[in-house]
Protein chains: 2
Amino acid sequence: MHCTTAVLPNYNYNGTIMEKLEALFDHIAARVNVNLKPMGIDVRPLLKNAIPRERHLLYYAFYALTEDHPISFKFVNSNLAGSYFLGKTQVDRSVLYKSDVRGDELKQKGDVVEFNGVKTKLFYDEVIRIINSYLVKTLIHNHSKNPQIPEVFRILNTVAMHYSNIHGTTTEGAYLGAFSTVDLSVLHNCVIGDFSYVQAGDLSRITIEPGRVWLRANGLFEFNYLYPEGVVEQYVKLDENGKLSGKFIDYVDDLKEDFVPIYSTATPESIIDIPDSAYVSPYAVIKGTCEIGENALVVQRAHIENSVIGKGANAQENCYIANSIFEGNNVTAHGGKVIWTRNGQNVFVGFNSFVHGTEKNPITIGRDSIVMPHTIIDAEEPIEIPENSAVWGYVTRQADLETQCVNLDELAKATDVTLGNATFKGDGKAFVEAFKHRIDHIREENGAYFDGSDKTRGHAQKTQDACFNILQPFQAGPDAGMYPTMTIGN
Amino acid sequence: MHCTTAVLPNYNYNGTIMEKLEALFDHIAARVNVNLKPMGIDVRPLLKNAIPRERHLLYYAFYALTEDHPISFKFVNSNLAGSYFLGKTQVDRSVLYKSDVRGDELKQKGDVVEFNGVKTKLFYDEVIRIINSYLVKTLIHNHSKNPQIPEVFRILNTVAMHYSNIHGTTTEGAYLGAFSTVDLSVLHNCVIGDFSYVQAGDLSRITIEPGRVWLRANGLFEFNYLYPEGVVEQYVKLDENGKLSGKFIDYVDDLKEDFVPIYSTATPESIIDIPDSAYVSPYAVIKGTCEIGENALVVQRAHIENSVIGKGANAQENCYIANSIFEGNNVTAHGGKVIWTRNGQNVFVGFNSFVHGTEKNPITIGRDSIVMPHTIIDAEEPIEIPENSAVWGYVTRQADLETQCVNLDELAKATDVTLGNATFKGDGKAFVEAFKHRIDHIREENGAYFDGSDKTRGHAQKTQDACFNILQPFQAGPDAGMYPTMTIGN
């Protein structure tokens, strides 16, 4: 009769309707549809069907508590499900289902930020604000690049489907498809197709088709790639009733039982040897024989099996790593999947990329190379990616690299390039440098360069003393599925 | 490196001082000592030594969430350790160590209460307020009998030691010894000795010696019993450094490992068959072969082993029941221990009573009998307590009942009685009726008489849908051991 991760409480489904939660779904659907219906999107059936209602009772939310992350949470009778919070947050009757809202890079009052060469000082500590949104298994990371109000990282009336990522953005009234990513971005009333990746600045009333990878820095450069017809659907497909299918979700679903023992434990503990300078979240799965190097970071909801995470390497939320080696200073971004792959020093695997080797057909990625966000490398033969390269698109054989891989030094000299389905326009040097700079920033923030000094401390060091507090929703009555109103501060 | 119930985090003890927690201890000691030092009490060494500091990091607090108990918690950077909350609470930098603060009988705005024949209506919902107190393994139950401000159930600058109980009271600036109880009571600047029980109305600047059991209804009746010299010390002794010894703590300590798996689980579940109308808290231990009857209630921190909890019977916080049978409608009050005992219908076992039979020397208690609070029956031969009796004091053999047991009908006819160490003065009928009325009220509140109607619902029914939310303290830095400031409401 109690909340549990193993057995469904049946009385709610044999009787009580989750009144307030249903009303909340209706409200969100109306708000989003007002803007997106003219663009051909009706989110109502998705909200109705995508998550079985009893799951909203089943999961608990949790938030981390550390000395390094001043918290200020405010949840107003929301539904939070498996959310993870760290840092200043405000949530108002939102549905956050297994979402991560990280506030570990929030700017502070007095910080100076620069947008397009204009400097501005923050009036207040930056907060994350999420109102009436529906975020399902979504990762929100708050390295905000919003010039409008740098104090507030907003997500209003936004519907974000399974395993989509929101990174440093305003995102108002948008719809994000499954496994899609909006990066460093300001969006208004946009539709982002399944497995699309957009890093294109201020967008409004645009529909991005599934499988587009689009990076744009206004006036500087633009990269554009569209998956060939029929490819994305094999990996991810969300039907109009919110049912998700394809190889991505199959892969993830096969491993989801591994998380059950962790989430059943009040204070889970890491079971392997971790160097003092590294951090492995107790909410990550570490399976088989794994090695964790110094300054490494493995965060909550990462799944690591029989792999080596080298010195200064990091594995981010929702990433899946199996039978792979990371030689050091690697970044596997949110949702990246790396299987039977040897990654040289500094290799970066972007958001939601699927780098899938097998024992017979392993993948090797040379040092300093970049696997672009939303790349699929599904090896049908052994594949070797040369060092200092960028690789993108859909690669199943070595020969595919001819049109989907480029040496970074060559790219830096280029202006206009068309290679297969990809086009690049603009300043190649700026593009390569922006990428390298960002990867380096990620390593720095994560503590990869920690040398014992306070200045070099990053997430791997700052999160070490975190405790996790567990929040559960009401189990019965009209409030079932909703959480009490909470204000939590320092 | 994370909080856990199994391994001590050592970095706090090898380095960081828990600055804010130490400052809080100092502050509480000063406040309590101001009033109690003239009465011979210095709580400073107790606060310094009674609980190893790392335990304040180790345990987590939890609170229950149900539709039936509107919550409004406010914790201001407190230490809460293993506290359990249910209902409206305010805590301000208090130390609550494994305390239970139950708010399941809080009165509401508009409720009419009667004190000494005068009726008054509540202006606000009643709240529990605990400021700068030190409550260790203490149970606070809030059926308040405070005529001064019925809206606020206060406990200010109070130091309450291991397994003491506070029941419906103001309790300002008091010191409560180990296993002591203050019941339905208003205390100001009092010292209550180990294992003393006081139900005596408004008290001020009084010292109660260890092992006194004192019930008084002004002008109506008075019961007084003092344990023979040398007895209480065998069962409970708290030295001036806060070290606790004796048979009570030995018994409890032997069983404390049983609670570890429960507190290590995020959402523990009951493992035995429980009737729909009964409630067994997931935070209770149920061990061996147990039977739970309809309308029965077993609450958090109760420990039940190889026993039958009959229809409408209840087992309250910190009670230990082993190899015993309760035939129905029984009450085992907070801290009651009942071992190898057959309890007839309606038998009541009072606060912290120790009814200790053995397989060879079992105890039988006839129906409708009352084991007075703080009674020790430590059987050296089989003992049979007749039905409809009151039993008190220190009983090891059948013959001891001659001076420590009386038929309730006879007591009801009495005015002045002296029996062994016990004296009774006043209106016997009023005494017996008050007792029976109260026991009946407990059964009613606990839902023992539930017949499916809303009117008869009690705790056993209202707590069924409870979820438990887990709070953990900061693990490092000056805040180590303290909790964030939290406001939690509906």
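Me: Which residue of β8(B) is the bridge partner of B:Val112?

Reply: Strands of a sheet pair through backbone hydrogen bonds, either parallel or antiparallel. Two strands count as paired if DSSP finds at least two bridges between them; helices (H or I, at least four residues) and strands (E, at least two) are DSSP runs, numbered from the N terminus. In this predicted model, B:Val112 has B:Lys121 as its bridge partner in β8(B). The two strands, β7 (residues 112-115) and β8 (residues 118-121) of chain B, run antiparallel and are joined by 4 bridges. They form a hairpin with 2 residues between them, and B:Asn116 in the turn has a positive phi of about 50°.

Me: What is the strand order of the open sheet of 6 strands in chain B?

Reply: The order is β28-β31-β34-β37-β40-β43, with parallel pairing. The edge strands, β28 (291-292) and β43 (383-385) of chain B, each pair on one side only. Within this sheet, β37 (residues 341-343) and β40 (residues 363-365) of chain B pair in the parallel sense over 3 bridges. There B:Thr341 has B:Ile363 of β40(B) as its bridge partner.

Me: Where does A:Ser307 lie?

Reply: A:Ser307 is placed in the loop between β30 (303-305) and β31 (308-309) of chain A. With 1% relative accessibility, A:Ser307 counts as buried. Its side chain reaches the backbone oxygen of A:Glu305 at 2.8 Å. Leaving aside residues up to four places away in sequence, A:Ser307 touches several residues, among them A:Cys290, A:Ile321 and A:Asn323.

Me: How many salt bridges does the structure hold over all chains?

Reply: A salt bridge is a side-chain nitrogen of Lys or Arg within 4 Å of a carboxyl oxygen of Asp or Glu. Over all chains the structure holds 26 salt bridges. One of them joins the side chains of B:Arg44 and B:Asp26 (3.4 Å, N to O). B:Arg44 lies in helix α2 (residues 44-49) of chain B and B:Asp26 in helix α1 (residues 19-36) of chain B, so this pair ties together parts that are 18 residues apart in sequence. B:Arg44 is partly exposed at 37% relative accessibility, and B:Asp26 is partly exposed at 44%. Another salt bridge is formed by B:Arg212 and B:Glu209 (2.9 Å, N to O). Here B:Arg212 counts as buried at 18%, whereas B:Glu209 is partly exposed at 30%. In chain A, salt bridges that share partners join A:Glu380, A:Glu381 and A:Arg397 into one network.

Me: How many residues of chain A and chain B are in contact?

Reply: 47 residues of chain A are in contact with 48 residues of chain B. Buried area is the accessible area (1.4 Å probe) that two parts lose on being put together, summed over both; between chain A and chain B this is about 3900 Å², 54% of it on carbon and sulfur atoms. The count of salt bridges between chain A and chain B is 0.

Me: Which strand of chain B is joined to β50(A)?

Reply: Strand β50 (residues 485-489) of chain B is joined to β50(A) by 5 bridges, and the two run antiparallel. A:Ile488 has B:Met486 as its bridge partner in β50(B).

Definitions and conventions
Residues numbered from 1 in each chain as written. Chains lettered and ligands numbered in written order. Predicted model: local features only at pLDDT ≥ 70, side-chain atom pairs only at ≥ 80, totals over all residues. Heavy atoms only, no water. Contact = heavy atoms within 4.5 Å. Buried < 20%, exposed > 50% of the residue type's maximum accessible area, 1.4 Å probe, protein only. Polar contact = N/O pair within 3.5 Å; in protein donor to acceptor, adjacent residues only side chain to side chain.
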